[in-house]
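Try each task before reading its solution.

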Amino acid sequence: MLSCIQLIALACVTLIARCEAEKLFHSRDHTDVEIPAAQQTALIIDQDAAQQFLKKYGFTKPVNWEETQYESAPVPVNDDPATMDIMSLIREGDALTRAGEDSVPEDSMQNPEYINALKEFQKMYNLPVTGELDDTTKAAMNKPRCGVPDKEANDTSMVNGTSSDLSETHHNSTAGSDAQSLNHTQAGNATADSTEPVRRKRFLETLLVRKRKKRAVDNMFGLTGQMAFSKKMLKWRLIGEGYSSQLSIDEQRYIFRLAFRMWSEICPLEFEEDNSSPLAMIDMRLGFGTGRHLGCTQTFDGAGREFAHAWYLGDIHFDDDEHFTAPNSDNGISLLKVAVHEIGHVLGLPHIYRTGSIMQPSYIPQDSDFEIDWLDRKAIQHLYGGCVGPFSTVFDWIRKDRTPYGELVVRFNTYFFRDSWYWLYENRNNRTRYGDPIALQVGWHGIPSDGIDGFAHVWTWRIDAAYFFKGTQYWRYDSENDQAYTEDPEGRKYPRLISEGFPGIPSPIDTVFYDRRDYKMYFFKDSLVYAFDVNKNQKVSGFPKRLTDMFPAVVPNDHPAGNLDAVYFSYTHNSVFFFKGMYFWKVVDNPDRLKNPSLPYNGLMPRQNVANQWYDICNVHSSVLKIKS
Ligand SMILES: [Ca+2]
Ligand SMILES: [Ca+2]
Ligand SMILES: [Ca+2]
Ligand SMILES: [Zn+2]
Ligand SMILES: [Zn+2]
């Protein structure tokens, strides 16, 4: 739907040609409105233009992209952040020169540097390496693309110092509260300043006391990413002076929320939309502009070619001369895809030249829903690690279903519950379902919306009952109608007390699972296990037993001991897993004992990280959670 402003703008364009001055949301100094919205980027058709392109995107020589952000900014003499008067340092920049605008040598026809750069471009873009500006090469150069150079100087001087500095950064990456980061930054800077007079081009970073030291990460798939943030909770804002004139503000914010959510779903970072804190506290600032925009050193190029760029410090600019459209629109450039790409840069990912990657520099139109693919997931997790965290319960939900031919089949899905959120796990694809987590109350009706202790699906020839447990109570779930019974077919009303339904079992429990191999439910509480015979409806005599006796450690002392988060019988693995914190222990199964007969029956194999077995079970900040629910 068009906003009021858009309608007015549209009317202006229709009635009076040239009405760009009415673009209210652009730069206050009106520099951008001097460029008519319809102005097209000059196509690259000759060598001069190609040479500028190759220089701008780093093929002639790697561009120090981050430095260009502040190249016109004054360098403070005294850059001790504690004594600095911010306002006295900020001055208007000089007239800016766009990278690549420098004059091109006359004799470039024979310029080997140019030929090499051209070949480099052709190689990187999988074109025939001719060393000539042929039509294929021109076409590739004229495609819509990201403004971040393909080849960036890997500037380790950014790190600004010593190995202790690096290890500190690394330390923060795991510890990372904001306050801690702030303190460490100040301390770190003070040391660096006193020992070494490093020129501070990036003084704004220091001013804002941000922790943005680059940490080079090992090559992976031949790429070098850099962990940009050492904290897990990041704030973002669509800045008011930079609203797009093409999509409504609600549409823009929706699309950005979705873009942040997509990254959040696959890495430990969480993104919070923050429209109230001082701007200096915002980690990622997004805005639209045309031509010279938003105080940026880089100039946008009119309609065509460059559609956005991102800075390591957290600014993302979109060229508002492009025709940005909502997801799944047939035309234009998907703002969602561009936003996901640029956020990837801010998080530290470089361009990735691989089919399917969202980090490819050229815009790849796509007609269906796009998702961040497997290798991009691995790339971001390589920088920030996998997702960890305790679960409330983990289970396979089994239900009877009929095929279109009326054949009865039994289907199961795997669910991970954490507090008030759940993920469906696609075992086949080894990842969570796209768009998860979802609020418990959205997907599971009639059970408590938070903190389920355990789930058990009792399944015999006679009984088919799924139960949720919380506190002293339990609920029976009607899988066919996908909601909890208030009264089941046997006339029992829910919730019921655990002590009534399962005599001899204490409550609350830590967790429970049903073992179909011996028709028993196993309840876990503290360091004890209680077996419950579902056919006799009574506790098995001889129980409770000690967890460590019934499930002995295979490797001495490698045992959760008690207070389990979840015990999970997986139909995919045909094995039982114990979960506690970020770890799981697999219970020795028959194939294990065939391979190694000395393994104790029901022994616990050595612990492993949950994130190494089940991928992408990642928290998402509540400010972006509600999108798909
Ligand atoms: Ca996350
Ligand atoms: Ca453009
Ligand atoms: Ca539990
Ligand atoms: Zn890019
Ligand atoms: Zn910019």
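**Exercise 1.** Find which backbone nitrogen lies 3.0 Å from a polar atom of the side chain of Glu322, and describe the surroundings of Glu322.

*Solution.* Step one: the backbone nitrogen belongs to Gly304, and its distance of 3.0 Å from the polar side-chain atom of Glu322 can be set against the definition of a polar contact, a pair of N or O atoms within 3.5 Å, where within protein one must be able to donate a hydrogen and the other to accept it, and where residues adjacent in sequence count only if both atoms are side-chain atoms. This is a predicted model, in which local features need pLDDT of at least 70 and side-chain atom pairs count only at pLDDT 80 or more, while totals for chains, interfaces and linings use all residues. Residues are numbered from 1 along each chain as its sequence is written, chains are lettered from A and ligands numbered from 1 in the order in which they are written, and side-chain values use heavy atoms, with hydrogens and water left out.

Step two: leaving aside neighbours within four places in sequence, the contacts of Glu322 (heavy atoms within 4.5 Å) include Gln246, Asp301, Phe307 and Ile333.

Step three: Glu322 lies in the loop between β8 and β9, and with a relative accessible area of 6% it is buried (under 20%; exposed is over 50%, partly exposed in between, with a 1.4 Å probe and protein chains only). Asp320 is placed in that loop between β8 (315-319) and β9 (324-325), and Asp320 is buried at 3%. An unreviewed UniProt entry lists Asp320 and Glu322 for "binding site".

**Exercise 2.** Work out which residues coordinate the calcium ion (ligand 1).

*Solution.* Step one: the donors are Ser264 (O and OG), Cys267 (O), Leu269 (O) and Asn619 (O), at 2.3 to 3.1 Å. Step two: Ser264 lies in helix α10 and Asn619 in the loop between β29 and α17, so this pair ties together parts 355 residues apart in sequence. Step three: Ser264 is buried at 0% relative accessibility, whereas Asn619 is partly exposed at 31%.

Methods:
UniProt positions renumbered as here; feature names shortened; annotations may be inferred. Helix = DSSP H or I, 4+ residues; strand = E, 2+ residues; numbered from the N terminus. Donors = N, O, S within 2.8 Å, 3.2 Å for Na, K, Ca; no water.
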